[in-house]
Amino acid sequence: MKFLKSTLYIFLPLLLLNSCRDYVEVEQVGNNRILKYTSDYRALANNYNDITSSGGIYLIANADVEFPTTYQNGVTTIWGNSYTWQDRIYDPSQGDSDWTGLYKAVYYSNVILDGVMGSEKGSDAEKKEIYAEAFVHRAFAYLQLVNTYAPQFDPASANSEKAVPILLKPELFSSLERSTVGQVYDQIISDLKSALENGIQDDPQFNVLPSKRAVYALLARTYLLMGQYQLSLENAEKTLQMQNGLIDLKTFASGYSYPVLIQNPEVIFSKTLLLAYNRAPLSNDLLNSFGSSDLRYDYYTIAGNIAISPTYTGRGFGIATYSYTNGINVGVSVPEMYLIAAECYARSGKIAEAVNYLNILRAKRFKSGSAYTVSATTNKEALDLVLTERQKEFIGRGFRWFDQRRLNLDPAFQKTYTRVFKGQTYTLAPNSDGYVFPINQNYIDLSPELGK
């Protein structure tokens with residue numbers, strides 16, 4: 001067993017889950033001063049690269065992505081295994097960067113929650129601000145984890161299936177026993193409510209910092225994934241009361257005019273997928289669903305032979321490629337809140353409200369003079385319109401995977417997916433084990449309780 005330093009350092013460089021007794025590895029680099037002052041904790045909370053990275057392996061598995069035949073021979077084993085929904089994604093020599101990155105954010109959050117209120121040379125208001133932010137970062141990390149490595153939450157069940165470990169203390173020696181799906185969701189909601197109770201700030205300087213509207217938006221997303229539509233709607237509406245501005249794509253000369261994440265008025269809370277996922281090719285079915293007047297095709301996608309490596313015939317996600325300071329934002333946004341509210345209205349029979357929110361969004365996405373409005377006469381028509389709009393608005397972000405998982409619970413939306421990869425056909429049936437990414441066998445070998 002490896003001996004680990006138990007002292008916490010500013011800008012902890014590498015935190016890896018190794019075993020039930022050494023869940024975090026801490027290596028000292030640069031400034032080795034122990035976390036002591038409130039400014040130290042602020043620096044840790046502002047560690048952008050680590051605190052905003054949010055995994056993303058599911059993007060390769062979701063129906064938005066399609067590997068051209070000539071592209072398939074150039075992809076990594078990890079991508080190939082994810083694309084074909086395998087029960088083992090990583091080779092024995094590989095680590096899972098999604099898992100370790102998300103648990104790094106959990107660890108940072110736990111360090112802050114455990115120590116910032118007792119730090120020196122900071123006002124009570126400063127300490128409490130940092131303290132409240134940490135709850136939001138931890139909640140987001142667990143929402144990503146439970147929707148990647150655990151079965152879908154089912155409002156009609158006890159949700160007692162094993163999910164992921166809940167770690168609430170910055171302990172170097174910790175059991176990695178897995179909590180249930182229901183317990184993880186309870187923790188997510190508890191963390192978000194704790195952020196509100198501790199006075200999370202209304203208007204931070206940058207959208208990478210948590211805010212009250214980010215908490216409401218994350219609650220809206222969480223409740224949507226739980227099938228609790230009234231609670232989801234209430235929180236989406238609270239968010240839109242605080243932030244509702246949309247970008248008008250008609251004002252852009254090209255995709256290169258799209259604003260960077262930190263300056264994007266639609267972004268409520270910026271979180272990004274790992275950079276490697278930026279170049280995944282998009283499916284022809286999705287690309288062909290865009291009409292000639294829909295500007296999202298031009299501004300959300302880009303040709304696969306431009307600024308993408310390896311190149312391919314087809315198109316990939318564009319926003320992260322047009323500007324190298326952009327990533328794939330999977331944090332909450334204004335368009336997401338409009339679409340969550342629209343879905344919840346459609347499910348409750350309020351067709352006019354659902355369609356109105358769709359048209360507010362679509363008005364900013366189509367060429368001048370084009371017919372962008374939609375209409376519906378039944379709940380099912382309205383819901384179908386919302387789900388189609390989600391596919392187009394969230395193109396290339398991987399949200400389709402979360403929608404596929406939750407819609408599998410409804411027989412009306414269940415679908416079997418097939419893919420041909422290197423000459424072999426693979427099938428993903430509704431609610432199959434392929435919808436749950438396996439925990440890396442390396443981690444199970446070191447921590448057997450992860451496999452139980």
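**Entry 1: a network.** I began with the charged side chains. Glu266, Asp294, Arg296, Arg362, Arg365, Glu389 and Glu393 are joined in a network of salt bridges. I noted that this is a predicted model. Then I searched the whole structure and found 21 salt bridges. Side chains of opposite charge can pair when their charged atoms come close.

**Entry 2: Asp64 and Arg400.** I looked up this salt bridge and found its closest N and O atoms 3.3 Å apart. Asp64 sits in the loop between helix 3 and helix 4, and Arg400 sits in helix 17, so the pair ties together parts 336 residues apart in sequence. I checked burial next. Asp64 is buried, and Arg400 is buried too.

**Entry 3: Asp202 and Lys212.** Here the closest N and O atoms of the salt bridge are 3.5 Å apart. I placed Asp202 in the loop between helix 8 and helix 9, and Lys212 in helix 9. The two are ten residues apart. Asp202 has 42% relative accessibility, so I logged Asp202 as partly exposed. Lys212 has 27%, so Lys212 is partly exposed as well.

**Entry 4: Asp248 and Lys250.** This salt bridge has its closest N and O atoms 3.1 Å apart. Lys250 is partly exposed, at 30% relative accessibility.

**Entry 5: two helices.** I turned to helix 10 (residues 229-242) and helix 14 (residues 334-347). They pack at an angle of about 140 degrees, and their axes are 9 Å apart. The crossing is left-handed. Helix 10 brings residues including Tyr229, Leu233 and Leu240 to the contact, and helix 14 brings residues including Met337, Ile340 and Tyr345. I sorted the contact residues: eleven are nonpolar, two polar and three charged.

Notes:
Residues numbered from 1 in each chain as written. Predicted model: local features only at pLDDT ≥ 70, side-chain atom pairs only at ≥ 80, totals over all residues. Heavy atoms only, no water. Axes fitted to C-alpha atoms, helices over the stretch in contact; angles between N-to-C directions. Helix = DSSP H or I, 4+ residues; strand = E, 2+ residues; numbered from the N terminus. Left-handed = near helix turned anticlockwise from the far one by under 90°. Contact = heavy atoms within 4.5 Å. Nonpolar A, V, L, I, M, F, W, Y, C, P; charged D, E, K, R; others polar. Salt bridge = Lys/Arg side-chain N within 4 Å of Asp/Glu carboxyl O. Buried < 20%, exposed > 50% of the residue type's maximum accessible area, 1.4 Å probe, protein only.
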